[in-house]
Amino acid sequence: MRTALLLLFLLALAAVPGSLLPQRNINPLRVELYLNDHPTLGPVLDRLSGFDVFAAPWFAAIYLLLFISLIGCLSSRIRWHARALFTAPPKAPARPGRLPGGSSWTSPLPPDEATALARGVLRGRRFRASAAPPDARRPDGSPDHSVAAEKGYLRETGNLVFHVALVGLLAAVGFGSWFGYSGTTLVVSGDGFANTLISYDQFSGGKLVNTAKLQPFSLTLDRFQASYQPNGEPADFRANVSYAPDLDTPTRPATIRVNHPLVLDDAKIYLIGHGYAPHFVLRDAKGRVVWQNNVPCTPRDGMFTSTCTVKIPDAGLAPVGTRHEPQQLAFSGVFTPTTRLDPTRGYVSIFPAATAPGLTITGFVGNLHLDEGVPQNVYTVDTRDMKQIALTGPAGADRTAQVLAPDNPRQRTLTGLPGGLSLEVDSVAEFATFQVKADPAKREALVFAVLIIVGLIASLRVRRRRVWVRAHPAPAGGSVIEIGGLSRSHGDGFATELADLTTRVRAATEPTEPTTPREPGAGATAAGTAQASTAQASTEQASTEQADEPATGKQEH
């Protein structure tokens, strides 16, 4: 158990980086942004799986060791508990009336009848009661007329249910990681995607996932709506979509909000991010469209100041030099949704909504190295073999940077590009980032999570307690009956329960005399019972030894 607790602590500790660092399977844009902002620390964390914590080998090692440790711990405890359920409670001590809260009285019934009635009363109160066999003898050779009763085994049962359900939850999470998958995709308003591997910007699947047989649904982002408070804090985000659950089903409308995903069988589609995607149009000297596209920009702050990177590999420019280096265009800019000119910081955004969009942009021409098969970061421009070009636009001619206003037709076009090309930013669309997560074991995980709560409540609320009744033959006929008990957990409320049991057993055995205390401080009065119960939990072992005879002193421990 100590090993399991240590591993559980290590698992919680290992999960901390997953909440502090951006994770690739949740938001790859933030991961790329973190790597750009931390060029030294970022690669080190990436090699240590800091951006894929829950898929890291070291996290899986702790997870599997915890799983094995819990199984080894539970196997012995389950066997012990199963034997205890079918084993009679410990035999009654010689003088149970000497226990804290114990009492005794005389009854006109013979000892065997009195103990039989006491056993019935205890069973009626849902105690697991066992009477001594008729031929049972005490160490002195006299007949043994006693009843041993126990209650509260549900406490240990609840404890075992909690731990077994914990193992089941870990197993469900493990199977979910083997058969489940997660993918993120960025969708501009008006576009859509299908649930195929090629549609995802980032995809991670379990070892047993067949990517050729993913659930065949499709989704189109009809409109993205964002509302903000006057201070710029977000108020609500919602994506109005049209989706088809499978190939032969007509599309249906739906709204996806934060923490309100679209559920399609085992898959859920979450809304995890959004931003702006200006629409760029490249024209040749005759005004014909050479290239156009919506380019998503990466948000940098709460006011959605965003960085934009535009790469145009096929601009129609002729290669140059003896090596025929391709001439490709690239633009880098900063998009501001609500643009204002700050005297010290330049153009900034003062509100996240696109009420006055602006784009500060610079241009480059040269070889982007996009045709060499080497992966590149789509959010940065490799300017090793490129040179900056002078731009003509709203700020004047031959400037290294221009500020475009997409909402103003006279201030949204760049000219003076190589080959007589011109670039226009004619509109701004919004995009949404969706995460598709499929977990086929989520229902089982929910069942085990509920069982964990039920088992925990039972283990915390149920009390283990034992009650003993013993009858001795009285000199004048009948019998002297003694009753006592102990609580094996905490004593709160047990004194009251024992007093109630004493009253019921005494009424069943038809007592003829008032209760007589056997020892000072152990009387049957209500005041004595309440006073004795306060020291019950701390003196359980000592009280048992005091109440028993030497020959039976090892019966309760």
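In what follows, Ala, Val, Leu, Ile, Met, Phe, Trp, Tyr, Cys and Pro count as nonpolar, Asp, Glu, Lys and Arg as charged, and the others, Gly among them, as polar. The model is predicted, so local features need pLDDT of at least 70 and side-chain atom pairs count only at pLDDT 80 or more, while totals for chains, interfaces and linings use all residues. Residues are numbered from 1 along each chain as its sequence is written, and side-chain values use heavy atoms, with hydrogens and water left out.

A pocket is an open set of points on a 1 Å grid over the protein atoms alone, with protein on both sides within 12 Å along at least five of seven lines, and its lining residues have an atom within 4 Å of a point. Its volume is the space filled by probe spheres set on the points, which are joined across faces, edges and corners. The largest pocket has a volume of about 1,200 Å³. It is lined by 41 residues, and those closest to its centre are Phe54, Ala55, Val173, Gly176 and Ser177. Helices (DSSP runs of H or I, at least four residues) and strands (runs of E, at least two) are numbered from the N terminus. At least two lining residues come from each of α5 (57–85), α7 (154–179), β4, β6 (202–205) and β24 (422–438), and α7 gives the most, with ten. By type, the lining of the largest pocket holds 24 nonpolar, twelve polar and five charged residues.

Of its 27 lining residues, Pro296, Thr309, Asn377, Val378 and Tyr379 are the closest to the centre. Two or more lining residues are given by each of α3 (28–37), β4, β12 and β14, with the largest share, five residues, coming from β14. This lining divides into twelve nonpolar, eleven polar and four charged residues.

One disulfide (a pair of cysteine sulfur atoms within 2.5 Å) is counted in the model. The sulfur atoms of cysteine 297 and cysteine 308 are 1.8 Å apart, and the link is right-handed, with 105° about the S-S bond. Cysteine 297 lies in the loop between β12 (289–294) and β13 (298–299) and cysteine 308 in β14 (residues 306–312), so the pair ties together parts that are eleven residues apart in sequence. Both cysteines of this pair are buried, where buried means under 20% relative accessible area, exposed over 50%, and partly exposed in between (1.4 Å probe, protein chains only).

Threonine 185 sits in strand β4 (residues 181–188) and is buried, with a relative accessible area of 3%. A polar atom of its side chain lies 3.2 Å from the backbone oxygen of serine 199. Contact means heavy atoms within 4.5 Å; beyond its neighbours within four places in sequence, threonine 185 is in contact with Phe193, Ser199, Tyr200, Asp201, Ala432, Thr433 and Phe434.

Two loop residues have positive phi values. Serine 49, in the loop between α4 (41–47) and α5, has phi near 60°, a positive value in a residue other than glycine. At 19% relative accessibility, serine 49 counts as buried. Asparagine 259, in the loop between β9 (252–257) and β10 (262–264), has phi near 70° and is exposed, with a relative accessible area of 67%.

Methods
Polar contact = N/O pair within 3.5 Å; in protein donor to acceptor, adjacent residues only side chain to side chain. 1 Å grid on protein atoms, 1.4 Å probe; cavity = no way out; pocket = protein on both sides within 12 Å on 5 of 7 lines; lining within 4 Å.
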